[in-house]
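Colleague: I am new to this structure and would like to learn how to read it. Please take the features one at a time.

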Amino acid sequence: MNLDDLRVELESDRVRSSYLVIGAEPLLRDDALAAIRIAVLADGSSDFDYERLDGETVTAAALLDAVGTLPVLSPRRLVVLREPEAVRAKARGVADALGEALVAVKDRRDTVLVVLAEKVDGRSRWVKTFGSAAVVRCDPPRKARELASFIAAEAERQGVALERAAIALLAERTGPQLLILRQEIAKAALFAGPGKQVRAKHVAESTSDVAEEPIWDLTEAIGEGRCGDALALLGKLLHAGNAPPAILGAFVNHFRKLTSLRNGGSVPGPPFAIRKLEGQSRRFSPGRLLACLAAIHQTDLALKGAGGIPPELALERLVIALAG
């Protein structure tokens, strides 16, 4: 099922004992987890009954302890495991323990186990344990029609009326960068005015083109390892008023493309741009690309307030980590 299917199921008060939330789009994975968290923990705020585990650090014993612990304040307990097939997780036997954990929660009503991953090996025994019904696909839109559908649905979620031409212009200017799209819809709505329909002219005047040269220059400098140039370009973008989440969204899109190319996949774009991306992808080992995506995720948390780090400083640290 996709995110919309999941929301419909949760709204009908059907909560499964386990979910595999998988796909290349981190925004959709985060939205799926948020929806599950609210359904499991009522108000979604009970940290006592919400345990987060990371495949890079968790042990098999800690995972089994987590699913075996009873809830404290809520009727149910939510356990979230990120990237169970990380290199270190394999060395600790986490995959075997995960299969055991899924069996343990199958017939229980007091614990829900959610596994989050960008991708997994479908041949793994623990993956097959889920069954297709409990798998939530979170892939970015690949076709123009899918992107337009996302924009329309996101606008409806925000209570924003978009004319068809505005949807087309948002798709053209932003592409399948969902975090940026979410922000640009909100910006365009503010520009149009309360209760007004957002027209193409509002999008044209309020929405920046993320394909503009400064953003490309920044991601290119990072991909080529020119850390000093990347920091200077980041400073210019921030000084010009570019929103930190929008810049981070460009990083997400860029490293997602590098990861796809490094793994033998393909990405859309003009030939000259793809040749540059292919050259950059060869600078990164698969392990380092995963580390870069993890660093981007941690920066996303920082931009949302985790750790109390100023957004500008969080982005500077990320640029150093990505380009270093």
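Colleague: In helix 7, how many residues apart are Glu154 and Arg157, and what separation in helical turns does that give?

Modeller: First, the source: this is a predicted model, in which local features need pLDDT of at least 70 and side-chain atom pairs count only at pLDDT 80 or more, while totals for chains, interfaces and linings use all residues. Residues are numbered from 1 along each chain as its sequence is written, and side-chain values use heavy atoms, with hydrogens and water left out. Helices (H or I, at least four residues) and strands (E, at least two) are DSSP runs, numbered from the N terminus. Helix 7 covers residues 144–158, and Glu154 and Arg157 are three residues apart in it, which puts about one helical turn between them.

Colleague: What joins the side chains of Glu154 and Arg157?

Modeller: A salt bridge is a side-chain nitrogen of Lys or Arg within 4 Å of a carboxyl oxygen of Asp or Glu. Glu154 and Arg157 form one, at 2.7 Å from N to O.

Colleague: Is Glu154 buried or exposed?

Modeller: Buried means under 20% relative accessible area, exposed means over 50%, and partly exposed lies in between (1.4 Å probe, protein chains only). Glu154 has 4% relative accessibility and is buried, whereas Arg157, at 49%, is partly exposed.

Colleague: Which residues belong to the network of salt bridges around Glu154?

Modeller: The network links Arg7, Asp31, Glu154, Arg157 and Arg182. The structure as a whole holds 17 salt bridges.

Colleague: Where is Arg14 found, and which residue is its salt-bridge partner?

Modeller: Arg14 is in the loop between helix 1 (3–11) and strand 1. Its partner is Glu9, with the closest N and O atoms 4.0 Å apart. Glu9 is buried at 11% relative accessibility, and Arg14 is partly exposed at 44%.

Colleague: What does Arg14 touch, leaving out residues up to four places away in sequence?

Modeller: Contact means heavy atoms within 4.5 Å. With that exclusion, Arg14 touches Glu9 and Tyr19. For distance through space, take Arg14 and Ala32: 18 residues separate them in sequence, and their C-alpha atoms are 15 Å apart.

Colleague: How many helices and strands does the protein chain have, and why is it called as compact as a globular protein?

Modeller: The protein chain has 16 helices and five strands. Its radius of gyration is 20 Å, close to the 20 Å from the globule rule for 324 residues, so the chain is as compact as a globular protein of that length. That radius is taken over C-alpha atoms, and the rule is 2.2 Å times the number of residues to the power 0.38.

Colleague: What percentage of the residues in the protein chain is buried?

Modeller: Buried residues make up 47% of the 324. Among contacts with a separation of 6 or more, 74% come from residues 24 or more positions apart.
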